[in-house]
Structures are given as C-alpha cells and as structure tokens.
Amino acid sequence: MRVSDALRDELSGLVEAERERFGVPGCAVLVVHDGEVVLRAGFGRRDLAADLPVTTSTLFPIGSSTKTFTAAICALAVDEGLIGWDEPIAGHLPGFALQDPVATRELTLRDMLAHRSGLPRHDLLWYAASDGSLTRDDLIRALRHLPANRGFRQAWQYNNLVFTTAGELAGRLFGSSYEDAVRAHLLKPLGMNRTGFSVSESQHDPDAARPYVVAPEGGDPVEVPFASLDLVGPAGNINSTVEDLTGWLLELLGRPQGEPVLSATALELLRTPVMPLSEVSPLTIGRSVGYAAGLAVDDYRGFRVLHHGGNIDGFSSQVSLIPETGSGVVVLTNRSSTGLRDALPYVLYDRLLGLEPQPHGEHVVGVEQLLRAGMKASAEGRTTSRPDSPAVRPLADYAGRYTHPGYGTVEVLPGDGEELPVRYRAVTATLRHRHLEVFDLHAELGGEDVHIPAQFLHDSDGEVSALTAVLEPTVPPIRFDRQPDTAHLTDEVLTGLTGTYSLGPISLVVTRRGEKDLVVSVAGGAPRLVTAKGGWRFAVDALTVEFVPPDAVKTPYGDFTRG
C-alpha cells in the first residue's frame, strides 16, 4: 500500500493531540498497517532541560514490553529441542524451588510465561536490589522463601521474578547469558543494532530520552534517576528505538522484512491465550480474552489485539498488534505510568480500520484522575492513629538488623523524635510512629511517595523480636526476625564464657563449637546449641539464659556460678 502524506499528517496530529492531553514530555511512535510502515516519528522532547527533540533513533527503556522477547527466546529454545513447553524446568535448573512442592516439581516454561505459578509479584525484592547486592542466582534461590497466595495453575498473577527465571533458563539452555542469547538469536537477525540491555550504558547515548514523573496532584514533569533492571533483565531491561522495533513488530505480525526469525509454531504459541486474566487494569480499553506467552490478548470491536506494556521509573511503553489486518502500534514515552500508552494505539486503530472514533484519550485521562484521588484517600485512611495508644517503648529500642530468608536484611537505624531511618538494600526510608508498635514506612520509589504499614513484635521476655511489613499486599505481612548484636562476642570473649558452672549438685558445662557457637550441657545431658539474643542474653531451646561475666549464668531455675 502507498502511504499518503495526508494520512501521515493526520496520524501525526492525533498523536500530538493525545501527547498534550496526557502531559507527556516526549514519545516516539511507530504505526504499521497492512504490513507497511505508515508512521514512524518522534514527538515532544526527550530532554526538557536541554530542549532536545525525540527522534526515531531516540533510546527508551521499554520495561515489561521486554517480556515478549523473553517468550520468543524461550520459543526458540523449544524449537531447538533444548526443552519442551510442558517439561518441568526443575531438571534443567538445579536448586530451583518454590514454597509449593507441587509447583516446584511441575512448573514448566508454559506456566512461567503465562504467569500461573501461584506466586504474587513480590516486586520490592528485586526493585530494592538495584545496588547490585543480589545476582540472578540469588534471586532464583530466594523464590523458595516467598509466600504464594494462590494454588499452582489456579490463577493468572503477574510475576517479574518467575519471568526472569524463565529468561535466565533460556540463556543457559543456549550456553550463554539471557542477554547474549537474545542478542544472537533475535536482535542481530532483526537488525536491531541500537537495542541494548542496560540503562547504565544507554542513558549516556547522545540520543537517549530522560525519565520524568508528574506528581499525583499534577504540575510540571520532574526528572528522576534511571532505574536499573539488570537483575530482572528478562522481565524488563531492553532499551530500544522505534526504528529498531520496526522489524520486531513486523516479525510478531507474521510479515517479516526478510527471513522469519520465529517459526509459525512459535508465533502461534506467543499469540494463543493460556490463562484468563484475573487482574485487568481499569485502563484496559478492549475486552480481555486472556494472556498468552508474553502477550495479553484482547477483543476490540471484533478485532484480536495482542499487546504488552511496560512501566518503569520515568518511562512507559506499549507494543500492540492486530495480526489479521497487519496493523500494529509501538508507543515509547518518557513519563511514568502514563495512560497515553494505553489509549493511543486504539485512537490510531480507529482511524486505520475505518471505525467510528471513540474518545479513548478523554476516557483514560478521566480514569487516571479517579485512580489518583482514590489512592490518595486510601493512603490517608491507612494512616489513622490512636492518640490514646502511645508508643510502648523508646524508639531507640527498635534499632537493629532484621532478616528474612528471601527478602534479606532491613536495617533500622537510631533516630530522633517520632521517626527512625531505614535502609533496605538500595532503598532508604523512614518509619513514622502511628500508635503502640505500629508504624508507617515511608519511601520514595520511582518519584512516588509510598506508604507501607509496618509493625514491631516482641517475645515473651518483652524484647523486640521482629519487624513485619506489608511488602506484598496479597499475602500476610513479611516477617523480618531481629538479629542480635554480637559485635562484642569476640573469639576471646566467647572462650572466656566457657567452663563449668554449678547450682548445688547440678553442673552446667559451656563449650565452644566452631568459630562462633557455644553449646551447653546440663547435668551431663545432651549438648544444646546456645543462640545469642543480644547483650549477654542467650537462648537455649525455649529458655533464655544470661551470662554475668566472668562468674555466673542466670537461668529460670536459678543462678549457676563458676566452679
């Protein structure tokens, strides 16, 4: 088909009108119809401070639109006979486990790419590790400690961690990393020469978009730091341009520019729904049909629309296509969580398919405003305090290190007034007292102020024993157990605590085990491990004992003195 200048100008006008409606600094848009490019252009500014325009070569992080690439590299691994779609992955990924033993034993690539493992998002685990404190192997090992909230294959639940595991597995099956496998088997054959995998590199490109957010109450866009997705690369770390994504979009449409990269079988699998969607966004315009492999499937006015969006700090994207008409739209923006990426494809489809135009932009903007108002009201309601229930102990008592086997360590630092500083990997936050031992955890994540309910717990001795926080809202609060301060328990000190202590005819013998542990034996009984609880207090099974260096050990049964 021959694209007229009038059509191109009309489509450009629609894009620019919607960009202004949504207050997006800049966007790059690719439009294909009947297998031909009808529009490929940049709009607005990629860098507001430098007043630089978006071009067709401008690099944008595409976020979770990466997942379609991950599904494709998994499909290629299946085509190569390296694994089967319905073959359990446990045999290919030693050490992999989930809390659910059935899911551990039966989970397949098809399950992982259709988000039906039973595990909810647990996104803070990877988001907070942008400081490099975790590797992908660490992340995979952490999965066994994360609580599920649904049964295996029971429901669709979006999960970046499991998708990352699928991509990491695909890379290993090809004898390389995920990134190298995608580069060799997808990007290079498609001529995607500017596409990469790390914002630490792409942000320094002379034609790279800067990330922006807009406060919930409105105002001008504010630039925020780039978010690193290296840890969960297969779930969202690709950076690309509308020029590079042209070949990818045509490949997904089944109308490749050259030799196809994906087999007809693989392409059909990427397009065929596996699970009904149980979490449909209020911004969704079409009628949800289900989720395939790295692509959601909607019905829009009788047309089958396949799409996957992406959101990450300062950027939103959408890759959308209608295979039956050879139509597709790519929208790359430099503003967080903007509904432009949801509305614009349908505005353009209405024009391309000769449908009666619908006010999609106006509708989505209205929904966004309602959502912001509702979230604000909900946050205010959650922070209601009980003035008749003051703090039960000085805030300094809560300072310490708290650990969870999957999430790792949260450090609560000494503070003043009614706040305590908190450090969790790359995230810094503040605990603000509400009442009793309940606090609000305030953190700025991606330019947004996030409030997380948190509570301290204490043991039967009245000592602070744990911190719980609602880090994943669909499961009970995550419990971080307090770690004792053992800096004073040097090798010399521990050796000094060993010996025989007596209470009348009863003896208590303390000896060393290994470099850091003590064991006790009472009245010649079996040795029992002694666990430090802080200060000179130790736990022996369910009992607490206290050393009084150098001569005594206080126990619930009396004081033993050194013999």
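What follows is a short exchange about labels and the values behind them.

Modeller: This is a predicted model, where local features need pLDDT of at least 70, side-chain atom pairs count only at pLDDT 80 or more, and totals for chains, interfaces and linings use all residues. Residues are numbered from 1 along each chain as its sequence is written, and side-chain values use heavy atoms, with hydrogens and water left out.

Biologist: How many helices and strands does the protein chain have?

Modeller: There are 15 helices and 28 strands. Helices are DSSP runs of H or I with at least four residues, strands are runs of E with at least two, and both are numbered from the N terminus. The C-alpha trace spans about 100 × 55 × 40 Å along its principal axes.

Biologist: Why is helix α11 called largely enclosed?

Modeller: Buried means under 20% relative accessible area, exposed means over 50%, and partly exposed lies in between (1.4 Å probe, protein chains only). Nine of the nine residues of α11, residues 244–252, are buried, so the rest of the structure largely encloses this helix. Among them are D244, W248 and E251. Across the protein chain, 53% of the 563 residues count as buried.

Biologist: What comes after α11?

Modeller: G254 follows, with a positive phi near 80°.

Biologist: Why is S337 called partly exposed?

Modeller: Because its relative accessible area is 44%, S337 gets that label. Its loop runs between β12 (327–333) and α13 (340–352). S337 also has a positive phi, near 45°.

Biologist: What makes K67 a charge over the ring of F163?

Modeller: The rule asks for NZ of Lys or CZ of Arg within 6 Å of the ring centre and within 35 degrees of the ring normal. K67 lies over the face of F163, at 5.7 Å from the ring centre. That meets the rule.

Biologist: How many aromatic pairs are there?

Modeller: The count is 16. Rings of Phe, Tyr and Trp (its six-membered ring) pair if their centres lie within 6.5 Å; planes under 30 degrees apart are stacked, over 60 edge-to-face, and the rest tilted. Such pairs link Y398, Y402, F439 and F456 into a cluster.

Biologist: Where is the cis peptide bond?

Modeller: That bond joins P549 and P550, with omega about 0°. P550 lies in the loop between β26 (543–548) and β27 (552–555).
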